[in-house]
Amino acid sequence: MVAQDGQSLPHIPQEESDMAAYIIGLRRSEPRGTAWLEAYLPKTAALIAKHGGTVVLRGGNAPQALMALEGAAKPPLSVVIVEFPSLAHAQAFHNDPDYAPLQQLRQASIDMEVFVVEPV
């Protein structure tokens with residue numbers, strides 16, 4: 001497989017790459033500063049592309065139009081959705097050793113819940 005930028009994607013067996021998967025991040029706190037974003041955003045975007053991902057919905061510091069339609073849970077402050085070609089690609093991104101320091105930087109700067117979902 002080839003990423004959008006023309007680079008080869010990590011080897012993922014074909015039978016595992018037929019169905020898209022989505023990483024969903026729910027931001028639950030205000031950022032503790034913004035300096036971390038200069039390192040986090042471009043490097044994370046490059047890793048997402050490396051693993052064949054595409055940002056579908058990008059959260060940010062500006063509030064998104066989130067409205068609870070059902071239930072008592074308070075909506076997150078923002079939502080990020082990243083589409084990958086497969087669950088294996090999403091997991092490869094999340095487990096990439098180059099992502100670990102970026103993940104730690106994000107975790108130190110905002111409270112977020114992160115999920116992966118594969119439509120059935």
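A residue counts as buried when its relative accessible area is under 20%, as exposed when that area is over 50%, and as partly exposed in between. The model is predicted.

**Val-116**
- Val-116 has a relative accessible area of 40%, so it is partly exposed.
- Strand β4, which covers residues 112–117, contains Val-116.
- Apart from neighbours within four places in sequence, the contacts of Val-116 are Ala-21, Tyr-22, Ile-23, Leu-87 and Ala-90.
- Val-116 and Ala-90 lie 26 residues apart along the chain, and 7.5 Å separates their C-alpha atoms.

**Asp-96**
- Asp-96 sits in the loop between α2 (87–95) and α3 (100–109).
- Asp-96 is buried because its relative accessible area is 5%.
- When neighbours within four places in sequence are set aside, Asp-96 is in contact with Leu-47, Lys-50 and His-51.
- With Lys-50, the side chain of Asp-96 forms a polar contact of 3.0 Å.

**The largest pocket**
- The volume of the largest pocket is about 510 Å³.
- Its lining is made up of 28 residues, and those closest to the centre of the pocket are Tyr-40, Leu-41, Val-80, Arg-106 and Met-112.
- At least two lining residues come from each of β1 (21–27), α1 (36–50), β3 (78–84), α2 and β4.
- Helix α1 gives the largest share of the lining, with 7 residues.
- By type, the lining of the largest pocket has 18 nonpolar, 7 polar and 3 charged residues.

Note on methods: Residues are numbered from 1 along each chain as its sequence is written. This is a predicted model: local features need pLDDT of at least 70, side-chain atom pairs count only at pLDDT 80 or more; totals for chains, interfaces and linings use all residues. Side-chain values use heavy atoms; hydrogens and water are left out. Helices (H or I, at least four residues) and strands (E, at least two) are DSSP runs, numbered from the N terminus. Buried means under 20% relative accessible area, exposed over 50%, partly exposed in between (1.4 Å probe, protein chains only). A polar contact is a pair of N or O atoms within 3.5 Å; within protein, one must be able to donate a hydrogen and the other to accept it, and residues adjacent in sequence count only if both atoms are side-chain atoms. Contact means heavy atoms within 4.5 Å. On a 1 Å grid over the protein atoms alone, a cavity is a set of points where a 1.4 Å probe fits but cannot get out, and a pocket is an open set with protein on both sides within 12 Å along at least five of seven lines; lining residues have an atom within 4 Å of a point. Grid points are joined across faces, edges and corners, and a volume is the space filled by probe spheres set on the points. Ala, Val, Leu, Ile, Met, Phe, Trp, Tyr, Cys and Pro count as nonpolar, Asp, Glu, Lys and Arg as charged, and the others, Gly among them, as polar.
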